[in-house]
Each structure stands twice: as C-alpha cells, then as structure tokens.
Amino acid sequence: MKWAEGIDKLGIFLYLAISLFAIANIYSVDEGLGTKQFIFFGISLVVGLVIFTMRTKFFENFAGIFFILGVLSLAGLHVFGTEILGQKNWYKFGGFTMQPVEFAKIGTALMLANYVSGPDFNLKMRKSQMTVLAIIGVPALVVLSIPDVGSLLVFTAFAIALYREGLNGWLFIVGFVLAAVFLLSIAFNPLYITGVLVGLVLIFILFNYQKIHWSVPTIFTIVGSLGILAGISFGTPKIMEKLPKHQRERIEVLYKGEKAFRDTSGYNLLYSKTAIGSGGFWGKGYKQGSVTQGKFVPEQETDYIFCTVGEEWGFFGSFLLVLFYAIYIGRIFYLAETQKNTFNRVFGYCFAGILLMHFSINLGMVMGLFPTVGIPLPYFSYGGSSLLAFSIMTAIFFKLNYADKNSLV
C-alpha cells in the first residue's frame, strides 16, 4: 500500500508491544488499574492518529505556544496543584489527575528543535548558547521549585540533542566529574576527597609539565577548578543535612543498603529486589508472583512495575523487555540521524534522549543502583499523563519521519 510507505513499522510494532505488555503487568498488580490503563492506551491511540493527520509544519509553527503553555502549567502547580505522595506536582479534575511536567517536556523538545533549526542558530556563539540554556533552564528551574528532582534529571537529556548539534563533549566530562565528587563526598571525608583531587592534579602536571602552556589564565583555571571541586566536596554534607529525611535516606540506601532502612526508604527497594530475584530464569508465571499478588511493594504499578516483570516473567522476560527498549530507543536515534530536516532530527534526538533517561533511571532505581526519585518507565508504568505524553511524542516523531521519507527534497 502506497500510503504506508514511510511508516516505520518496526518502531510502531515495538511501541505497541511494550505498551500492551505493560497493560498485562499492571493488570496483574491491580485489575482495576489495568483496565484504566487500557482505556488510557485507547485514548493515546486516537490522539496519535489525529496527530498523524496534521501537517508537519504545525509542530514547528506552534512550538513556542506549546513551550509557553508547558511552563505556565508547571508554574500553576504552586497555586492550583494537588499534593500526592508528598509532592505537589499534579492537577486534579474530579476523579482524574494530570502531571503537567510530562507534557512540558514535549513543549521544550519542540521549542529546542524549532530554535536549533532556525537560521540564526550557531552553538559557538554566546547568543545561541544563552538561548538554548534558557529554553531548557526555564522549565527546569520551575520543576526544581516544585520540587520534582526526578523530572529535573530528565531535562538533562536535551544535552544529547545539543551534543549532536555541536555541543562540546568536555561539558559531559565536567558534569560527570562534578557528580562523582558529590557522590563520593557522601561516603568519604571531604578532606580525603580534596587531598586525592590535589594529588591527581599534581601527577597530571608532573607528566605534562612541558606540554602545558603556562600563563596566568592557565594557573587561574587549575586553581579555580580545584576550588570548585573542593567546595562541592565540603558542601555535600551540608546539603545532605538540609534535605528532608526521606530524600536523604533514599540516597543513603545506596551506601548502607536497603536493610538499614527496611522500615522506611529501603522498604520498596528491599521487596523490589526480592521480587526480581525470586523470579529465577523463567519466572513464577502470570499472576503467580507472591510479592506482586501480596502487594508488598507500594506503588508497584507505577515506578516499581519492573519488579513485577522480574518476578512473574523471570530473567528471560526481563531480558526481552530490556532488549525491546534498547532496540526501540536505538531505532529512534537512528531514524533521527537519517532525517533531512534539522527540526525533525533535533526533536528525534530529544525524544530518544528522554526515553533513554527515563529507562536508565527507572531500572537503576528498582535494582538499587540509583536513588528512588519517582521516574516512570516509559509506556510501562501506570498513569494516563505519562502514557499519553510519551504517545504524543511518539506520534509526532513518526509523523515527522513519515513526512521526511515521502519528501522529494
């Protein structure tokens, strides 16, 4: 069929397969919620079909409006938001709730793609750097003010798209070093961390003394960098002290183990690991998981849904799900790179980056490799806002890809 040319069948298949498998697992946890998720999925399909009938220029032309609406919806949480599970990041309409941050990510991705594809964009120029920083930073700061630390982390995914468009890779190394110093300073004395950093710098200078172009700016950069890292190291304990107890414990669980907090922040992780480990290779079978059916893991249908897969479908089912996600995210990156249009490419990289961040953080969270921060597994965790928002991004990208493959330019 000629009309189907340009539709990425592999991508659509993986989207449907992951979403339907998710509904089955949510239904195993709670039949009522599984039915609701199926309804959300039906609504998402209808919205996706409507998006597929739109002209692609619509997303470019109205990117600014979507961005502004996204920021305003986030800011409105301070006045009209409803607090759920200790966070005021939801709107409540009767019996329905809506999490605006999921939709704000779409507006930010569209706005970033719109600006980067414009004629005035040049990432080497200060104006372009400040503009992209504002596009990402404004909604991120509003999210921080809520506060929603998990969603804030997802906004760093936009750096992947900017790296493709020329962002200096050294910024990723700097970010990694800053994060490493912060995490190490939680477990070790900041004085020891600072001493190691000074030692490493001295060793580097010793072996590269002749190659370094010594000048006042060079010396200032070295001393200033050490000062910043030392400041982070000594400031980390003070930051930890000011965090709410439950947030502090979620970080400390990574160092002390979930058993040290088994009655508080380590409870979810303890039973999540128990569920995943008890599944063995083939799993206990659908609706046969004792942890799942006993509802030992709070919010298991949302952020911790992966432990249901581990218990009922075992290592084999978990591996297949991870493989499907890996192929799907890789497919989005591949299709984004093949786009003729810059707007399409940047949006595709933003979309794939968001998926990658959600996937990595969520799986790290349920396996005890990352603190619990409330990040849903894309298409899989229960929630109409998350499923609809990811489905909208999916439909927009596959529509852009469809138009690109049928374009004569």
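Visitor: Where does Tyr379 lie?

Guide: In this predicted model, Tyr379 lies in the loop between α17 and α18.

Visitor: Is Tyr379 buried or exposed?

Guide: Tyr379 is buried, with a relative accessible area of 2%. The cut-off for buried is under 20%.

Visitor: What about its backbone, what is the phi of Tyr379?

Guide: The phi of Tyr379 is positive, about 70°, although the residue is not a glycine. Most residues other than glycine have a negative phi.

Visitor: How many aromatic pairs does the structure hold?

Guide: It holds 28 aromatic pairs. One of them is formed by Phe21 and Phe380.

Visitor: How is a pair like that described, and what are the values for Phe21 and Phe380?

Guide: A pair of aromatic rings is described by the distance of the centres and the angle of the planes. For Phe21 and Phe380 the centres are 5.7 Å apart and the planes are at 70°. The pair is called edge-to-face because the angle is over 60 degrees.

Visitor: Where are Phe21 and Phe380 in the chain?

Guide: Phe21 is in helix α1 (residues 9-29). Phe380 is in the loop between α17 (342-366) and α18 (384-405). The two are 359 residues apart, and the pair links distant parts of the chain.

Visitor: Which of the two is buried?

Guide: Phe380 is buried, with a relative accessible area of 0%. Phe21 counts as partly exposed, at 21% relative accessibility.

Visitor: What lies over the face of Phe52?

Guide: Lys399 does, at 5.7 Å from the ring centre.

Visitor: Changing topic. How many strands form the sheet, and in what order?

Guide: There are 3 strands in an open sheet, in the order β1-β2-β3. The pairing is antiparallel. Strands of a sheet pair through backbone hydrogen bonds, either parallel or antiparallel.

Visitor: Why is one side of β1 and of β3 left without a neighbour?

Guide: β1 (82-84) and β3 (96-98) stand at the edges and each has a single partner strand, so one side of each has no neighbour in the sheet. From one strand to the next, the twist averages 55°.

Visitor: How many bridges join β1 to β2?

Guide: β1 and β2 (residues 87-93) are joined by 2 bridges. Thr82 has Trp90 of β2 as its bridge partner, and Ile84 has Gln87 of β2.

Visitor: And how many bridges are there between β2 and β3?

Guide: β2 and β3 pair over 3 bridges, in the antiparallel sense. Among the partners, Lys92 goes with Thr97 in β3.

Visitor: What is between the strands in the hairpin of β2 and β3?

Guide: There are 2 residues between the strands. In this hairpin Gly94 takes a positive phi near 65°.

Visitor: Which residues line the largest cavity?

Guide: The lining is Arg250, Val253, Leu254, Ser265, Leu269, Phe370, Pro371 and Thr372. Helix α13 (residues 245-256) gives the most to it, with 3 residues.

Visitor: What volume does the second largest pocket have?

Guide: Its volume is about 820 Å³. The second largest pocket is lined by 23 residues, and the closest to its centre are Val177, Val201, Ser225, Leu226 and Leu229.

Visitor: Which elements give two or more residues to that lining?

Guide: They are α10 (170-187), α11 (190-208) and α12 (216-242). α10 gives the most, with 8 residues.

Visitor: Last one. Where is Gln339, and is it buried or exposed?

Guide: Gln339 is in the loop between α16 and α17. At 5% relative accessibility, Gln339 counts as buried.

Notes: Residues numbered from 1 in each chain as written. Predicted model: local features only at pLDDT ≥ 70, side-chain atom pairs only at ≥ 80, totals over all residues. Heavy atoms only, no water. Phe/Tyr/Trp six-rings, centres within 6.5 Å; stacked < 30°, edge-to-face > 60°. Helix = DSSP H or I, 4+ residues; strand = E, 2+ residues; numbered from the N terminus. Buried < 20%, exposed > 50% of the residue type's maximum accessible area, 1.4 Å probe, protein only. Lys NZ or Arg CZ within 6 Å of the ring centre and 35° of its normal. Pairing = 2+ DSSP bridges. Axes fitted to C-alpha atoms, helices over the stretch in contact; angles between N-to-C directions. 1 Å grid on protein atoms, 1.4 Å probe; cavity = no way out; pocket = protein on both sides within 12 Å on 5 of 7 lines; lining within 4 Å. Points joined across faces, edges and corners; volume = space filled by probe spheres on them.
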